[in-house]
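Student: I have a protein chain to look at. Can we go through the words used to describe it?

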Amino acid sequence: MAREAAKKRQTTEAHDEKRNEILGHCATLFDRVGYHKASMQMLADEVGLGKPTLYHYFSSKSAILFAMHDAHMSALLAGLDEERGSDDPLRRLHAACVDILRQIAEHPGYVRAFMDHYEDLEGKMREHIRAQRNAYLQRVRGIIEQGIANGQFRACDPGLTTLAFLGMCNWAYKWYPPLAKRRSPEDVADAICQPFFEGLSLKSN
C-alpha cells in the first residue's frame with residue numbers, strides 16, 4: 001500500500017512538473033504572438049507535444065491562462081504567509097515587493113499574461129482569480145493599516161496607499177525583465193521602496 005501511495009505521488013509530481021513546463025512555453029508564445037493570436041496547435045508546437053497530449057494537461061487556451069494567473073497569485077499569497085509572523089509592517093511590505101519582482105524576473109510571461117489578460121478570463125475561472133486578487137489586496141491593506149495603528153506610518157488613506165504601493169511594484173513588469181540578470185529582486189526592491197517608505201513613515205519628519 002505504501003508503495004502504491006509513493007508511486008501515485010511520483011506520478012502526480014511528474015504531472016505537475018510537466019504542467020509547469022508547458023506553462024513556461026505557452027507564456028513565451030503569448031509574449032511573442034499575443035494571447036488572442038495563439039491557437040492550441042501553435043501552443044502544442046511551441047511545447048513540442050501533439051495537440052491531443054496538450055489537451056491531456058489543459059482543456060483549453062483559457063485553462064492555460066487561468067493556470068498562469070493562479071500560479072502567480074498563489075505565489076504572492078504564499079509570500080505574505082511567510083512574513084505573517086513579523087510585526088514590522090515595513091519589512092512585510094518590502095518582502096511583498098521582493099515577491100512581486102521575483103515573479104517578474106523568473107516568470108515574466110506569467111506576469112504579463114496576468115497584467116494584460118485578466119479580462120479574458122470568464123466564469124468560475126475569473127471568479128476564482130478575482131477572489132485571490134481581492135484577498136491579496138486586503139492583506140496588503142491590512143499591513144498598511146497596522147503601520148498606521150501602531151504609529152509607524154503617518155495618517156493616510158490605507159486603500160489608496162495600498163493601490164499606490166502595488167501599482168509601483170506591479171508596473172515593474174514593463175521594465176524589470178531586461179534588468180533581472182543584473183539587478184536582483186532584493187536590490188530593486190530596496191531602490192524603489194526607499195522613497196515610498198520615507199514618505200509613508202513618520203520617522204521621515
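Student: Where is the place of Ser201?

Tutor: Ser201 sits in the segment after helix H9 (185–200). Helices here are DSSP runs of H or I with at least four residues, strands are runs of E with at least two, and both are numbered from the N terminus. This is a predicted model, where local features need pLDDT of at least 70, side-chain atom pairs count only at pLDDT 80 or more, and totals for chains, interfaces and linings use all residues. Residues are numbered from 1 along each chain as its sequence is written, and side-chain values use heavy atoms, with hydrogens and water left out.

Student: Why does Ser201 count as buried?

Tutor: Buried means under 20% relative accessible area, exposed means over 50%, and partly exposed lies in between (1.4 Å probe, protein chains only). Ser201 has 7% relative accessibility, so Ser201 counts as buried.

Student: Which residues is Ser201 in contact with, leaving aside neighbours within four places in sequence?

Tutor: They are Gln152, Phe153 and Arg154. Contact means heavy atoms within 4.5 Å.

Student: What is the secondary structure of the protein chain?

Tutor: The chain has nine helices and zero strands. Along the sequence the pattern reads α-α-α-α-α-α-α-α-α. The C-alpha atoms fill a box of roughly 60 × 45 × 35 Å, taken along the principal axes. Of the 205 residues, 38% are buried. Take contacts between residues at least 6 apart in sequence: 71% of them join residues at least 24 apart.

Student: What does UniProt list for this chain?

Tutor: An unreviewed UniProt entry gives "domain: HTH tetR-type" for residues 16–76. In the model, residues 16–76 are 80% helix and 0% strand, with the end C-alpha atoms 19 Å apart. The unreviewed entry also lists a "DNA-binding region" at residues 39–58. That span is 75% helix and 0% strand, and its end C-alpha atoms lie 13 Å apart. A caution: UniProt positions are given in the numbering used here, feature names are shortened, and annotations may be inferred rather than shown by experiment.

Student: How is a pair of packed helices described?

Tutor: By the angle between their axes and the distance between the axes. Axes are lines fitted to C-alpha atoms, for helices over the stretch in contact, and angles run from 0 to 180 degrees between N-to-C directions.

Student: At what angle do the axes of H4 and H5 cross?

Tutor: Helix H4 (residues 61–82) and helix H5 (residues 89–106) have axes that cross at roughly 155° and come within 9 Å.

Student: What makes H4 roughly antiparallel to H5?

Tutor: Angles over 145 degrees count as roughly antiparallel, under 35 as roughly parallel, 65 to 115 as roughly perpendicular, and the rest as oblique. The angle is roughly 155°. So H4 is roughly antiparallel to H5. H4 passes H5 in a right-handed crossing. A crossing is right-handed if the near helix is turned clockwise from the far one by less than a right angle, and left-handed if anticlockwise.

Student: Which residues of H4 and H5 make the contact?

Tutor: H4 uses His72, Ala75, Leu76, Gly79 and Leu80, and H5 uses Ala96, Asp99, Ile100 and Gln103. By class, there are five nonpolar, three polar and one charged residues. Ala, Val, Leu, Ile, Met, Phe, Trp, Tyr, Cys and Pro count as nonpolar, Asp, Glu, Lys and Arg as charged, and the others, Gly among them, as polar.

Student: Is Ala96 buried or exposed?

Tutor: Ala96 has 2% relative accessibility, so Ala96 counts as buried. Leaving aside neighbours within four places in sequence, Ala96 is in contact with Leu80, Tyr136 and Phe165. The C-alpha atoms of Ala96 and Ala189 are 9.2 Å apart, although the two residues are 93 residues apart along the chain.

Student: Why are H5 and H7 called roughly antiparallel?

Tutor: H5 packs with helix H7 (residues 123–149) at about 150°, their axes 8 Å apart. That angle makes H5 and H7 roughly antiparallel to each other. H5 passes H7 in a left-handed crossing.

Student: How do you know that H4 and H7 are roughly parallel?

Tutor: Their angle is about 20°, with the axes 10 Å apart. Therefore H4 and H7 are roughly parallel to each other. Their crossing is left-handed.

Student: Why is His69 called buried?

Tutor: His69 is in helix H4. Its relative accessible area is 0%, so His69 is buried.
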